[in-house]
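Please read the following report beside the sequence and the coordinates. It moves from the overall fold to individual sites.

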Amino acid sequence: MSIERAMEILRKYPLCDHCLGRLFARLGTGLSNEERGGRAIKDYLLMRIHERILNEGLSDELLNDVRALALSGHEPSIKFLGNMGGINVSPAKCYVCGDAIFNRLDEWASAIANSLRSLGIEFRSFRLGSRVPLDVLNRELSITTEFNISSAESIKRELNRELGKRVSAVLGVPFSREEPDVEAVIDVSTGSVETQVMPIYVSARYRKDHRLVNEETQVRWPIDRVIQAYGGAQDVVIHAGGEDPRGGARVLGNGRPVILQIVRPSKRPDVNDVSLLLKDSSYDITLNNLSRVRASAVVRMKARVRDYVITYRVLAITSNSVTDENIKSLHDYFRNRQVVQVFRRGRRVRKRVSMVYELDGRVVRGGKLVEFLIKCQGNLYIRGGFVHGGFGSVEPSIAGTLGFNVRPVEIDILNISD
Ligand SMILES: [Zn+2]
């Protein structure tokens, strides 16, 4: 694809400097800006024609080429024709953009800046998008297809970049394609601007040091603190790596991995400052090890749950007396043992295989109160599952192996390695 091809295109379609420059944007003209690129190509084409006129004399072919350049709004070509004997050519509208886009950049940039300002929140980066009428996009596509051009940059890209530069200059905030704090999308046909405040994601470990009677209220405490830290965010959604066993289980050790999604934050403080706000030992739920993460971390965390190794402490009441021999045989049997859990929902049956790595136990009192330590894969259901047997839906289980009922009364997570 050579620049001579540009003359072929202009003979058929008048294109403004932007729309011509974009077709050759990736040819490495050394000109960063399409407008300058398009103008430079037109200058070069006129120079070549001029050279040929000097060598070969004026022909209709060469005159028509200058006319095509003049039609595309190239001032030197218009002047050239005027000087040649009073040929007057007034420029035609650009075939792609209709001259209705690039002359409004400043106007749109200030509309975008105003919309972002009126959010009334703190942001340190922004991203821009634009909606361009379909017929403009179709005309652009028809040219690149007709002339088999692979070096073109899309009009949206140029528009977003040019608007981005201007908005950035007005607000004094950088443009960011990835992970911006806010986003604005302008509809080019109406000039209306839509804005969006991007959520903040913070990973943490949460611990529950006591069995909570009123868990809702307790959980509310760190959430309210986080909302406050982010300047009165709209909400905080907690994404947890795995579920806690119900019934007030404690979560001890290094705690459970969670990611907090802070919805519509007004302030964007450093996570270390947020950590300080969360340091209050009088509450039973604590959030530690805070760090900023990307949105994609949520999916990654959820996918890793099955690779967690969780150590549980379970206190259970049994229907028959448990002996030290029982404990020993459980210990030997459940060393790196696969457990199959069957889940039924309606007519659908799903199976999940999990590992129990280690099991230890101790008879606490009277033979019917037993404490178990279970080290297993993160996706093993403990309470109604592995300990209780889930009425035959978990195989093998502690109850199934002992041959009598085992009912968990207390469950603690002692450690989660992820
Ligand atoms: Zn144009």
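## Basis of the description

This is a predicted model, in which local features need pLDDT of at least 70 and side-chain atom pairs count only at pLDDT 80 or more, whereas totals for chains, interfaces and linings use all residues. Residues are numbered from 1 along each chain as its sequence is written, and side-chain values use heavy atoms, with hydrogens and water left out.

## Overall shape

The protein chain contains 14 helices and 13 strands, where helices (H or I, at least four residues) and strands (E, at least two) are DSSP runs numbered from the N terminus. Its radius of gyration is 35 Å, well over the 22 Å that the globule rule gives for 418 residues, so the chain is more spread out than a compact globule; this radius is taken over C-alpha atoms, and the rule is 2.2 Å times the number of residues to the power 0.38. The C-alpha trace spans about 115 × 40 × 35 Å along its principal axes.

Of the 418 residues, 46% count as buried, a class defined as under 20% relative accessible area, with exposed meaning over 50% and partly exposed in between (1.4 Å probe, protein chains only). Among contacts (heavy atoms within 4.5 Å) with a separation of 6 or more, 72% are accounted for by residues 24 or more positions apart.

## The zinc site

The protein donors of the zinc ion are the SG atoms of Cys16, Cys19, Cys94 and Cys97, which lie 2.2 to 2.3 Å from the ion. Donors here are N, O and S atoms within 2.8 Å of the metal (3.2 Å for Na, K and Ca), and because water is not among the atoms, sites may look incomplete. The four donor atoms subtend angles of 106 to 114° around the zinc ion, which makes the arrangement tetrahedral, a label that requires all angles of four donors to lie between 85 and 135 degrees. For comparison, the ideal angle for four tetrahedral donors at a metal is 109.5 degrees.

Along the chain the donors follow the spacing C-x2-C-x74-C-x2-C. Distant parts of the chain are linked in this way, with Cys16 in the loop between H1 and H2 and Cys94 in the loop between helix H5 (75-83) and helix H6 (105-117), 78 residues apart. Both Cys16 and Cys94 are buried.

## Aromatic pairs and a charge over a ring

A search of the whole structure finds five aromatic pairs, counted when rings of Phe, Tyr and Trp (its six-membered ring) have centres within 6.5 Å, with planes under 30 degrees apart called stacked, over 60 edge-to-face and the rest tilted. One of them is the edge-to-face pair of Tyr13 and Phe147, at 6.3 Å centre to centre and 85° between the planes. Tyr13 lies in the loop between helix H1 (5-12) and helix H2 (17-23), and Phe147 in the loop between helix H7 (134-146) and helix H8 (155-171), so the pair ties together parts that are 134 residues apart in sequence. Tyr13 and Phe147 are both buried, and together with Tyr95 they form one aromatic cluster.

The ring centres of Phe334 and Phe386 are 5.0 Å apart with planes at 90°, so this pair is edge-to-face as well. Phe334 is in the loop between helix H12 (324-333) and strand S9 (337-345), while Phe386 is in helix H13 (residues 382-387), 52 residues apart. Phe334 is buried at 0% relative accessibility, and Phe386 is buried with a relative accessible area of 0%. Arg337 lies over the face of Tyr333, 3.9 Å from the ring centre; the criterion is NZ of Lys or CZ of Arg within 6 Å of the ring centre and within 35 degrees of the ring normal.

## Two residues of helix H3

Lys42 lies in helix H3 and counts as buried at 0% relative accessibility. Leaving aside residues up to four places away in sequence, Lys42 touches several residues, including Cys16, Asp17 and His74.

Arg52 is found in helix H3 (residues 34-56) and counts as partly exposed at 32% relative accessibility. With the same exclusion of residues up to four places away, Arg52 touches Gly57, Glu61 and Leu62.

## Backbone details

The peptide bond from Glu395 to Pro396 is cis, with omega near -10°, and Pro396 is found in the loop between strand S12 (394-395) and helix H14 (398-402). Glu179, although not a glycine, has a positive phi of about 50°; this residue is in the loop between H8 and strand S2 (182-187).

Terms used: Tetrahedral: all angles 85-135°; square planar, octahedral: opposite > 155°, others 65-115°.
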